[in-house]
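Let's take a walk through a protein model together. Keep the sequence and the picture side by side as you read.

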Amino acid sequence: MKKDLKQLESIISDTELLLSMAEAGDWDAMCALEIRRAEQLEQLFATPPRIEPAILAEKIKYILHKNEIIMQLSNEEKNNVATEVTKLSRGNKAVNAYLS
């Protein structure tokens, strides 16, 4: 039981770190950490975790809430990148028109 709870706490710690990275815009580091966290989640839930159900439910809700915030930040960044790509494309077209 302690092993599973310790692993879940590690997943929560990684989730909090992912949120900090998202807030800081450290997207590359986030990708590597998310892979590790996903592997930990798969391992934890490969068999039913030996964690008291109320505690497990509380911690899963916490992770899901943090995931929602991470997804919001990721979507904002995706939109920002899309806007920048559009601006660059327009600029490239303008340069090409000028050079023609």
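Start with helix α1 (residues 2–24) and α2, which pack at an angle of about 160° with their axes 10 Å apart. Axes here are lines fitted to C-alpha atoms over the stretch in contact, and angles run from 0 to 180 degrees between N-to-C directions. Because angles over 145 degrees count as roughly antiparallel, α1 and α2 are roughly antiparallel to each other. Their contact (heavy atoms within 4.5 Å) involves, among others, Leu-8, Ile-11 and Leu-18 of α1 and Met-30, Leu-33 and Leu-41 of α2. The residues of this contact divide into 12 nonpolar, five polar and five charged.

This is a predicted model, in which local features need pLDDT of at least 70 and side-chain atom pairs count only at pLDDT 80 or more, while totals for chains, interfaces and linings use all residues. Residues are numbered from 1 along each chain as its sequence is written, and side-chain values use heavy atoms, leaving out hydrogens and water.

A pocket is an open set of points on a 1 Å grid where a 1.4 Å probe fits, with protein on both sides within 12 Å along at least five of seven lines; lining residues have an atom within 4 Å of a point. The largest pocket holds about 160 Å³ of space. Which helix gives the largest share of its lining? That is α2, with five residues. Both α2 (27–44) and α3 (53–99) supply at least two lining residues each. Trp-27, Glu-34 and Ile-70 are among the lining residues, which divide into six nonpolar, two polar and two charged.

Key: Grid points are joined across faces, edges and corners, and a volume is the space filled by probe spheres set on the points. Helices (H or I, at least four residues) and strands (E, at least two) are DSSP runs, numbered from the N terminus. Ala, Val, Leu, Ile, Met, Phe, Trp, Tyr, Cys and Pro count as nonpolar, Asp, Glu, Lys and Arg as charged, and the others, Gly among them, as polar. Angles under 35 degrees count as roughly parallel, over 145 as roughly antiparallel, 65 to 115 as roughly perpendicular and the rest as oblique.
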